[in-house]
Amino acid sequence: MNKKVMVALGLLAAVLVAAGVQESVSEQRAAKVPTVGILQFMSHPALDAINKGIHTGLTESGYHVGKDVKIDFQNAQGDQSNLKTMATKFVDANDAVSVGIATPAAVALANSIKTQPVVFSASTNPIGAKLVKSYQKPGGNVTGVSDQAPLPAQLKMMRAFVPGLKTLGVIYTSSDDSATTEARKMITLAKQAGLKVKTYTIASSNDLNQTSLQMVAGHQVDAVFVPTDNTIAGAMTTLVKNTDAAKVPVFPTVDTMVADGGVAAESINQTKLGIMTGKMVAKILKGADPKSVPVDFTKAGELVVNKAQLDKLGLTLPRGYTDAKLVK
C-alpha cells in the first residue's frame with residue numbers, strides 16, 4: 001500500500017472517530033434534557049393560559065423549551081378515560097416531572113405516578129382531592145399551585161354591584177371537587193352575611209341549559225355565583241344566554257368567564273398561576289423534593305369587569321371599584 005493511500009485512510013479513520021465522538025456527545029446531551037409531561041383537562045382559555053404561563057415560568061427559571069427541556073403536552077378534552085390513558089403514557093415515558101392542569105388531570109396523574117414528581121396547577125382543594133397531606137409538607141411525590149379564589153372579597157363585590165341582593169343562586173358541577181369546595185364556602189359566607197341561598201348542581205354541560213332556566217325562572221335569584229368550574233366555563237354561553245334573558249347578573253371567579261359573559265370577578269390571574277407552576281417545576285428539575293415543597297397560592301384576586309354586561313343589565317360600576325380591569 002503506497003504512502004498516499006495510507007495517509008488518506010488515516011485521515012478517513014480520524015474523521016470517522018471524530019464523528020463518532022461528536023455523535024456520542026450529542027446523544028449524551030440529548031439524554032440529559034429532561035421531559036416535562038403536561039396533562040390538561042380540557043381546552044378552555046383559562047386552562048390554556050395556565051399552560052402558556054408554565055412555559056413562561058420555565059423560561060424565566062432558565063429552562064428553554066426545545067433546548068434545556070422537552071414538553072410532552074396532552075389534552076384530555078374533558079374525557080375521563082382520556083385522562084387515565086394519557087397518565088399511563090407519562091408513566092411509561094418516565095418523564096422527569098408531570099404536571100396536571102386542573103384537579104381531574106392532577107388526580108389522574110397522582111393515581112398513576114407513584115415515584116416521579118407530580119405538580120398540580122389550579123386545584124382549589126388539593127387536600128380534599130387527596131393530592132397532598134398538608135399545604136406546608138405535602139408528604140409524597142405531589143405538590144403544586146392552588147387556585148383558591150378570594151371568596152370574601154368576591155361576596156363583598158357582588159353585594160356592591162347588586163345593592164338589592166337578597167337571594168344568591170349558586171350553580172356548580174357536582175362531580176368537580178374544586179368547584180364543590182368553592183361553592184360550599186361561598187354558600188356559608190353568603191348565609192353568614194344574611195343572604196338567602198339557592199343551590200343548583202349539574203352532572204355535565206348537557207344539564208346546564210335546563211338547570212339554569214329553572215334557576216332564573218320567576219325571579220328566584222337576584223344574582224348567580226359560579227365557582228372555578230371547568231364544565232360551566234366550557235359552556236358559559238349557555239348559562240349567560242338564560243341569565244341575560246332574565247336580567248340576572250352572573251359572577252364567576254375566573255377572568256375568562258367574565259369575558260364570556262360574566263359581570264365581574266375577583267379573579268385569579270391564570271397566566272400568573274401558570275408562571276408560578278412553571279417555576280415550581282423548574283425548582284423540582286433542579287433537585288427539590290416535592291414532599292418538602294409547600295403548596296403555593298396566589299396571594300390576591302384581580303377585579304375584572306365586563307363593561308358590556310354591566311350596560312346590558314342596567315348595572316353601574318360601584319364607587320370603590322373604578323380601578324377594575326375592564327374587558328369588552
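1. A residue is called buried when its relative accessible area is under 20%, exposed when it is over 50%, and partly exposed in between, with a 1.4 Å probe and protein chains only. By this definition F251 is buried, because its relative accessible area is 0%, and F161, at 2% relative accessibility, counts as buried too.

2. Please keep in mind that this is a predicted model, in which local features need pLDDT of at least 70 and side-chain atom pairs count only at pLDDT 80 or more, while totals for chains, interfaces and linings use all residues. Residues are numbered from 1 along each chain as its sequence is written, and side-chain values use heavy atoms, with hydrogens and water left out.

3. Rings of Phe, Tyr and Trp (its six-membered ring) pair if their centres lie within 6.5 Å, and planes under 30 degrees apart count as stacked, over 60 as edge-to-face and the rest as tilted. This rule gives three aromatic pairs. One of them joins Y135 and F297, which is edge-to-face because the ring centres are 5.0 Å apart and the planes stand at 90°.

4. Y135 counts as partly exposed at 25% relative accessibility, as does F297 at 23%.

5. F161 and F251 also form an edge-to-face pair, with 6.1 Å from centre to centre and 75° between the planes. This pair links distant parts of the chain, 90 residues apart, with F161 in helix α5 (residues 151–161) and F251 in strand β9 (residues 250–251). Together with Y321, F161 and F251 form one aromatic cluster.

Notes
Helices (H or I, at least four residues) and strands (E, at least two) are DSSP runs, numbered from the N terminus.
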